[in-house]
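The following paragraphs lead the reader through a structure, from the meeting of its chains to details within them.

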Amino acid sequence: MQQLLTTSLTGLTLGMVYAAFALALVLIWRSTRIVNFAQAPMAMITTYVALVVVNAGMSYWIGFAAALVSGLVLGAVIERVVIRQVEGKPEINAIILTLGLFVVIHAVAAIIFGSSFRSFPAPFGLRGFEAGGVTIALTGFAVFSICSVAVVMLLLVALFQHTDIGLKMRASAFNQEVSRMLGVRVTRMLTLGWALAAVVGSLSGLLIAGGSLVYPSYMDSVVVYGFVAAVLGGLDSPGGAVVGGLLLGVSLSFVSGYVGSELVAVAALAILIVVLLVRPAGLFSHATARRV
Amino acid sequence: MSRVAFGSVIGHLRRTPLRRNLIGGLIGLVVVVLVLESVGPFRQGQFATMAYLGIAVGGLTVLTGLNGQLSLGHGALMAVGAYTAALMLHDVDKPLPLPVVMLLSVLVTVVVGAVVGVAAARLHGPYIAGATLALAVAVPGIASFFGDNLGGEQGLSVSTPEAPGWFADAVYFLTAHDVTGTKYLAYVGWFGLIISFVLLANLSASRVGRTWRAVRDDEVAAELAGINVGRARVMAFVVSAACAGLAGGVMAMVVRIAAPSGFTLALSLSLLTAVVLGGLGSLFGALIGAALLTFLPQTITGLGQSLGLSDLQSAQLAPLVYGLTLVLVILLAPAGLVGTIRNAWRRRQSPDPAPIHPQQEAMQ
């Protein structure tokens, strides 16, 4: 019973983090039709920025903010300088490009920060709450993870639904040509979209790292989980990404708790294959027409 | 007179792709023997590495360039081949003959590749990339999970097979050199490479290759022309997986171990680098890509050390160059090294070139 509870709670926490990462992928997919495989190392390197700030003696929160800001800048710069060149080109070019960025950022991080495992601080306790002599696996940091992802999601909803700039971003994602004619600076919106996505990605990087170890490839499996979560939700819907992330987090937590942690990635692969074969457009898809 | 006769003989021999490819293979064989006999054991080991990377890159370039499917999971497929070979060469007194081991590596990988290919055939673009990425991340975990049979994190050690007597005699007869273990493996690798490249070149020039290209360029048009799109894509994946299996089998013997740490995502991504650098779909480009993967790291690491970086930092310079290569090739020369040179050559040959559609150029 206790293991069931522990597994579910761990899964829920992880699920929220995967949801954030999936959300970052979905934001970019919606605006530019690119799956940003470089999201993982981008989040990794911003976490290293936070680590440097914290190790310099400043508080966790300054490091946290520094990571998010550097994510914002990194996302904007990458879109502006590199991704801009392949927008509208065959999709295979964009995929290879993001994989190239993946390798580059990895190597840069390993050169600057070293490849060794370094511990990353957590702002809240890592011990579970005690209730009636039983330790519940809901740590302070887990609560913080869930809350921060929820806050970010609400902020994104507010941005996209209730502000002028959000409307412009949605318009440019929906139809670039028409938006441009209506006076929307589409390229600027795309840059902003990448920047926002990178911030959300950075957040998930910080949450995965909190109280754990950081090394250049610590986010590599998360990009797979984030992708699976995004595909579960349909790759096109932010809400779907969140639900997909939670579902995946709980499922993988059960695999890890009851079967073996080595098989988590295999389980993610199996889920991905089943979803793609049964409902290729995601769990919440409607039938859509494809223009030939 | 003799020149005309010689020209007509060459022309006759070049008439069919099969003959042309066989002649190419024979010339390759001669070059391989000459090179392997004239370099030392260290270089022989490097050439063995280049051979297995070349086989895998060749398979991948056919899949990506001819059929338009991008696989990030070929490192995982190599792992399947390597573990198959390792299971047969691990702690056995009388191992099976090498061709049988290689063939079994290929067969097992073909079965796995068929399963993955059936799933991938229904996907396109980023979905295939994501699914095969998941494969690359997942497969090393399987080896760790079944630690009792597959050796866990330490992996399975592989005993290097001895060169059979007739082979040693033949090499001694031709070159008056003895066959050492490393040299034997290099020969095995390059025989595998030549055989698979001749088959791949033949396949891509045949009806099957044309079908694959048709599917790549326009699925709907291909279907209207009576091509079974799904079958073509699965076939392409299976052929490519067979190459990866052979490459994995050779790799297990060359590195003398099959361990999860040998088949990380980095391996799959470096294979992709070689494919992109050489130009999607070009077998010659695949060979150049494999050569760069083999010989570049050492040079760059040495360069880094001479620039005052630490050993660990220098070791990361090679991946940095791979990544930058991927980015720059896509941005500046989407047709790859060989493709760009070939296009420039064609442009010089014909003064009024037909405009190349950007999409086609990227996919060549």
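How much area is buried between chain A and chain B? In this predicted model, the area buried between the two chains is about 3800 Å², buried area being the accessible area (1.4 Å probe) that two parts lose on being put together, summed over both. Carbon and sulfur atoms give 85% of the area. On the side of chain A, I92(A), I96(A) and I111(A) lose the most area to chain B, together 16% of what that side buries. The contact (heavy atoms within 4.5 Å) joins 46 residues of chain A to 44 residues of chain B.

Salt bridges are defined by a side-chain nitrogen of Lys or Arg within 4 Å of a carboxyl oxygen of Asp or Glu. R33(A) forms a salt bridge with D236(A), with the closest N and O atoms 3.2 Å apart. This pair links distant parts of the chain, 203 residues apart.

In chain B, the axes of helix α13 (residues 265-278) and helix α14 (residues 283-306) come within 7 Å and cross at roughly 130°. The contact involves, among others, L271(B) and A274(B) of α13(B) and A290(B) and L293(B) of α14(B).

Residues are numbered from 1 along each chain as its sequence is written, and chains are lettered from A and ligands numbered from 1 in the order in which they are written. Local features need pLDDT of at least 70, side-chain atom pairs count only at pLDDT 80 or more, and totals for chains, interfaces and linings use all residues, while side-chain values use heavy atoms, with hydrogens and water left out.

Definitions and conventions:
Axes fitted to C-alpha atoms, helices over the stretch in contact; angles between N-to-C directions. Helix = DSSP H or I, 4+ residues; strand = E, 2+ residues; numbered from the N terminus.
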